[in-house]
Amino acid sequence: MALANYTDLQAAIASWNFARTDLPTADIILLAETRLNTDLKLRNQTSDAPLTGVVGERTIALPANFIEATDCWVVKDWGRQPLAQIVPEINTVTARGEPRFWAIDGETLAFERPLDQAYSFLLACITRLSLVTTTTNWLLTNYPDCYLAACNVEAALWMNDDAQASRWEQRYQAAKDGVKGIEAQASRAPLRTEPAQLGINAYPYNYQRGY
């Protein structure tokens, strides 16, 4: 049986659990993904989300399935310029302008000042695995054994089958460790080009002095 998408995974859960048709597969997958999102925060979950600011506002809603952010850039005609990360409690200024700092404040991407134009931004962030949202993802495509094992642990718990849950837990732990090992090795290669290599000024804006 192929495991290419959300529908395939639902069918596989039923097939691997004595052809049970009463399993709450949507809940099982949701619970498994909650665990996977805690256990796995890997490079393949990182993407650059394009965001657009609103004139006069200093916050932008975070992208769907957001977990955490690592970098933020303002997009220019010549490329992208890095912004400096700060704590959300920074003192803000009222004058509109181009932001130099960013922070994650609750459910928003926040800047130190309201925007004077609708700037385009790129936010490098780790996103949640969610087959309800995307129907497939990199983990299901490359490591279907890990996804299925996590789901079957939850299925066995729903059926109150401790022996089955223990067997699938062992398989999940082995698959998870395998994924983390392979991805950790792959991540040792440089993923991004340093700003200096692109001819970009990487020195942060001096908020105190205004330059």
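**Close-up views of a predicted model**

**View 1. Crossing of helix 2 and helix 5.** Helix 2 and helix 5 make a right-handed crossing, a crossing being right-handed if the near helix is turned clockwise from the far one by less than a right angle, and left-handed if anticlockwise. The model is predicted: local features need pLDDT of at least 70 and side-chain atom pairs count only at pLDDT 80 or more, whereas totals for chains, interfaces and linings use all residues. Residues are numbered from 1 along each chain as its sequence is written, and side-chain values use heavy atoms, without hydrogens and water. The two axes come within 8 Å and cross at roughly 120° (lines fitted to C-alpha atoms over the stretch in contact; angles from 0 to 180 degrees between N-to-C directions). Contacts (heavy atoms within 4.5 Å) involve, among others, Ile28, Ile29 and Leu36 of helix 2 and Cys146, Tyr147 and Cys151 of helix 5. Helices (H or I, at least four residues) and strands (E, at least two) are DSSP runs numbered from the N terminus.

**View 2. The largest nonpolar core.** This core has 30 residues, and Leu9, Ile13, Leu36, Leu139, Cys146, Tyr147 and Cys151 have the most contacts inside it. A nonpolar core is a set of buried Ala, Val, Leu, Ile, Met, Phe, Trp, Tyr and Cys residues joined through side-chain atoms within 4.5 Å; buried means under 20% relative accessible area, exposed over 50% and partly exposed in between (1.4 Å probe, protein chains only). Two or more residues come from each of helix 1 (6-16), helix 2 (25-39), helix 4 (138-142), helix 5 (144-158) and helix 6 (162-186). Helix 5 contributes the most, with 8 residues.

**View 3. Surroundings of glutamate 98.** Glutamate 98 is located in the loop between strand 5 (84-85) and strand 6 (101-105). Its relative accessible area is 19%, so glutamate 98 is buried. The side chains of glutamate 98 and lysine 76 are joined by a polar contact of 2.7 Å (N or O atoms within 3.5 Å; within protein, one must be able to donate a hydrogen and the other to accept it, and residues adjacent in sequence count only if both atoms are side-chain atoms).

**View 4. Two loop residues with positive phi.** Threonine 135, in the loop between helix 3 (131-134) and helix 4, has a phi of about 70° although it is not a glycine. Asparagine 160, in the loop between helix 5 and helix 6, has a positive phi of about 60°. Threonine 135 is partly exposed at 44% relative accessibility, whereas asparagine 160 is exposed at 68%.
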